[in-house]
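These are my notebook entries on one structure. I record what I looked up, entry by entry.

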Amino acid sequence: CTVIFTRLATRDLHKPISILFCNLAVSDLFTSFSGFWISMLFITNPDTTIFGSPDMLAPYALYTTSILSTIYNLVSIGIERYLAVVGSMRARFRVARNHSIAVVFISWVLAFFQGCLPLMGWNCLHAERSTSVLYSPFCISYLIFITMPNVVLAFLVPLFTYLRIIITLRKRKLRMQACGQATGTYKSAETQVARTSISIWLLALVSYAPFLAGVIFDAANQRCHVDLYPGAYVFRNFTAMLITITCLGNPVLYTLKLRTLGAKLKALRCPSAGRVRACAI
């Protein structure tokens, strides 16, 4: 909420990256709200979150939608940073506000469509053999369908984009050194990108890898709910806490760190006239 109010109060939404930051905050807010909803259902009736019931479909669907939206936002921010730095330096492409709005719209459409599939009939309320033990009444096939490709997407795309940014900045620094120009700004930007990207990737790894492991365990498990109680459900709650930590870590990583980084990258995209003439020679 602080991120959203800050962005709205400063009238900073005309920047493409600010739109993605604000949308990421909205996704994190939905994740926290849906997690709180599930927690309240567990407090009032614990059996519903263990053995499953029709009442769990709506909160689980909202929870899935918000997590998918967060993943798509993380991927979109990485791609936007890549295009803003690498594309601008090569004068090929410039990210505009309309592009960010379109990405936000597409991300929510995909997230809502995949997250609401159980509400449309892809659930296991009447099929006990294929039902999930950890996330009843979701089906194992549905969990695999939404988990495997999206978690891999959350790991690989940011890793590729931020590595490409670091490599581009390093090459640019070497070119500046060949021109006899100072490279302090490039070195600082490269260091900041490296630290931020490693933090982003590690946060996603720590947050979503246990959830992926839980889904794989759920798919390979053939035992009933009682046999797995309480250890498996403690692990399930632990994975939910890690995802909530991601919602707390995203504002710190993106809003606080990248504000300074954005100013540095803007200076790199708009070099002084003397530096341009020197590099042209």
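**Conventions.** I worked from a predicted model, in which local features need pLDDT of at least 70 and side-chain atom pairs count only at pLDDT 80 or more, while totals for chains, interfaces and linings use all residues. Residues are numbered from 1 along each chain as its sequence is written, and side-chain values use heavy atoms, with hydrogens and water left out.

**Disulfide.** I searched for disulfides (a pair of cysteine sulfur atoms within 2.5 Å) and found 1 in the structure. The bond runs between C124 and C139, with an S to S distance of 1.9 Å. I looked up the torsion about this S-S bond; it is about 125°, so the disulfide is right-handed. Both C124 and C139 lie in the loop between α5 (97-115) and α6 (140-178), so the pair ties together parts that are 15 residues apart in sequence. Here helices are DSSP runs of H or I with at least four residues, numbered from the N terminus.

I then checked burial, where buried means under 20% relative accessible area, exposed over 50% and partly exposed in between, with a 1.4 Å probe and protein chains only. C124 has a relative accessible area of 4% and is therefore buried. C139, at 5%, counts as buried. I also looked up C22, which is buried at 10%.

I located S53 in the loop between α3 (46-51) and α4 (57-89). Its relative accessible area is 12%, so S53 is buried. I listed its contacts (heavy atoms within 4.5 Å). Apart from neighbours within four places in sequence, S53 touches T48, L125 and P137. P137 sits in the loop between α5 and α6, and a cis peptide bond joins S136 to P137, with omega about 5°.

α4, α6 and α7 (184-220) each supply at least two lining residues, and α4 gives the most, with 6. I sorted the lining into 12 nonpolar, 3 polar and no charged residues. For this, Ala, Val, Leu, Ile, Met, Phe, Trp, Tyr, Cys and Pro count as nonpolar, Asp, Glu, Lys and Arg as charged, and the others, Gly among them, as polar.

**Aromatic pairs.** Rings of Phe, Tyr and Trp (its six-membered ring) pair if their centres lie within 6.5 Å; planes under 30 degrees apart are stacked, over 60 edge-to-face and the rest tilted. The structure holds 9 such pairs. I looked up F30 and W108, an edge-to-face pair at 5.7 Å centre to centre with 65° between the planes. This pair links distant parts of the chain, F30 in α2 (residues 16-44) and W108 in α5, 78 residues apart. F30 is partly exposed at 34%, whereas W108 is buried at 14%. W108 also pairs with F112, tilted, at 5.6 Å and 35°. I noted one aromatic cluster, formed by Y60, W122, Y135, F138, Y142, F145 and F211.
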